[in-house]
Amino acid sequence: MDDVQGMTLLRIPAMDCAVEEGQIRRALEGMQGIARLRFDLPARVLALDAPAGTMAAVVAAIERLGFKVETLAAPPRAEDVARRQRTELHRLLAALAVALAAEMFHFFAPETLVWKLAGMGVAAAAIALAGTEVFRKGLSSLQRWQLNINALMSVAIIGAFLIGQWPEAAMVMALYSLAELIEARSVERARNAIAGLLALSPPQTEVRQPDGSWMLVDAKAVAVGATARVKPGERFALDGRVLAGRSAVDQSPVTGESIPVDKEAGDEVFAGTINQSGALEFEITKPAADTVLARIIHAVEEAQGQRAPTQRIVDRFAAVYTPAVFVMALAVAVGTPLVLGWPWLEAIYKALVLLVIACPCALVISTPVTVVSGLAAAARRGILIKGGVHLEQARKLQVIALDKTGTLTEGRPALVAHQVLSEALPAQQVLRIAASLAARSDHPVSRAIATGLGAEPLSVGDFGAEPGRGVCGVVDGREYVLGNHRWIHERGLCSPELEALMQAQEAQGRTLSLLASGDDALALFAVADTTRETSRQAIKDLHALGVRSLMLTGDNPSTAQAIARQVGIDEVRANLLPQDKQQIVAQLSAGETVGMVGDGVNDSPSLAVAAVGFSMGAAGTDTAKEAADVLIMNDDLRKVPETIRLSRKTHAVLWQNIVLALGIKAVFFVLAIFGNATMWMAVFADMGASLLVVFNGLRLLRGVQGGEGSASRPQ
């Protein structure tokens, strides 16, 4: 628990599993003044962001649940937590050995009162060694008329002891406590999957000192504006902007990009990424607590605290299921001897077995482990999902609306075609003249031409600009203009052949500029916002998933249609204002589940109204876009269909876990009533079901493959 500055730390020694964590969370979430709760299950620590005046009420609420509470001054060290877990494991293994000894007494000792009392003493010792917290929490729950897992186990163990099944009572207690420890550690693997990213950011970095020397400094102490250095093979400890050097940087830990990105002066770098080829000096732009990597971890931790729809359904079901099973067990204990004539001790024993089988652990734990694993898998792939509700909702998407500029396209104009039209001058000379005029202008189209031609500029005299038309100047004693279609037409230089050529280019959504002398058009230049390399494949993947695509853009219809044809978009709506986009998404949402993908402030209204909003370019912004539900860290549109595939896989695993948990219990229910199921078998059924759903949920940490689920339809 690294990010707990200013929070109150409480250690709850008897908080054993995710079910009990949920119990404490529900008791505290409704209390006024509590802004944030963070649980660390292996350490059994709760961090609260709440005023000091509310702490007495918080502690009282937790203690009413049967838990003891200790206040901590600092988060427990990882080695202390590990040592405590080893001690606990050794204690529970010892309890298991003593419980086996009680079984030996039961089977092999003579049937005398002394040996029987000795065996009962050994069984009681095993129960005490396994821990009395279950009884304390169980009795507290029964006093409040709450039938939770601890209440069920307390009744089952005490009942078994009283009817003479003391060896099984001891074994049940030892196995149950051991299963709780294994389950807690397994669940924490999912929770810590994303927190492992913290290790990617080194604790120290080299910082330039006032005298020009370099010194290793704690990353948390480095001020914004300082100059740091990273050598080949080292990781960046902080976010920054390159000042000197050239290198390739592996950004996969943060953005999910598999190919290293070239960096030079002016480019941004992120904490946790790996410098590969050359030394880089960079200016620190963010403190350690506000790096992109830190924000990813914080956002996923916040998302883990939200309860997904399926999780809420399961919680409500478990609240009814547990009392129902208790009533059923009571009916077996009392009803079967009266109605069916079963022996009383046999009926009570079967009822106690039912109580152990009925423990709702596997059912309740099936959803949070799966959802957290899905969130962690997405974050590792550069997809930041702001909660389980959005992870589950993505599988239902039927339409994806996409902004054009910066989403489907690069968002920067580039020279895509040029053609020399006259032989009056050598072709290279014509291009150098055009590049020279373009280089003098700051207009985006001119900059695109100058960059695209890359020719060494010539001297330009009498340079001037005509707003809305173009630029002009004198090169080698002759006047030239570099202007748009309208200006060249006004100058009477548009022949029918040239008009046809320009119309063909404009039909593709390109912006045209022409170089002309006083009486002749010399060259044609076509500039366009180029599509991203990944856009076409992303749209293809969406269609394979059964999701329709719709472009929403403020650009003109011809440009929009040209881009749509290039990438395979189904439908285009052009000449839209931000409120028009929002209205279209809202109208479509009345009949279909609609997602929106955008990259700018003007897309925020549409992102907010969509069922799931995807924001592009999150790594390049100062703060994650508030309106979006999902942030794509590397501008790769293919992450949108990947999110849908992950959502569908998560949904499938969720229901696999629910069916597994209930199915295993149903089988043992039947065995308990009509067969010969023992309390041993009941504990193994409960423990086995819990571990099965945990490990099944953890499979999601591997993410999804590119084609997986491509044939699935929205449900």
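Which residue in β21 is the bridge partner of S513? The legends below take this up.

**Figure 1. Overview of the predicted protein chain.** The model is predicted: local features need pLDDT of at least 70 and side-chain atom pairs pLDDT 80 or more, while totals for chains, interfaces and linings use all residues. Residues are numbered from 1 along each chain as its sequence is written, and side-chain values use heavy atoms, without hydrogens and water. The protein chain has 24 helices and 26 strands (DSSP runs numbered from the N terminus; helices are H or I with at least four residues, strands E with at least two). Of its 715 residues, 53% are buried (under 20% relative accessible area, 1.4 Å probe, protein chains only).

**Figure 2. Strands β20 and β21.** Strand β20 (residues 511–516) pairs with β21 in the antiparallel sense over six bridges; strands count as paired if DSSP finds at least two bridges between them. The partner of S513 is F525 in β21.

**Figure 3. Strands β16 and β21.** Strand β16 (residues 409–420) is antiparallel to β21, with eight bridges between them. Strand β21 (residues 521–531) is mostly covered, with nine of its eleven residues buried.

**Figure 4. Helix α15.** The 13 residues of α15 (residues 427–439) reach 18 Å from the first C-alpha to the last. This is close to the expected 18 Å, the expected span being 1.5 Å times one less than the number of residues. Buried residues in α15 include V430, L431, I433, A434 and L437.

Methods
Buried means under 20% relative accessible area, exposed over 50%, partly exposed in between (1.4 Å probe, protein chains only).
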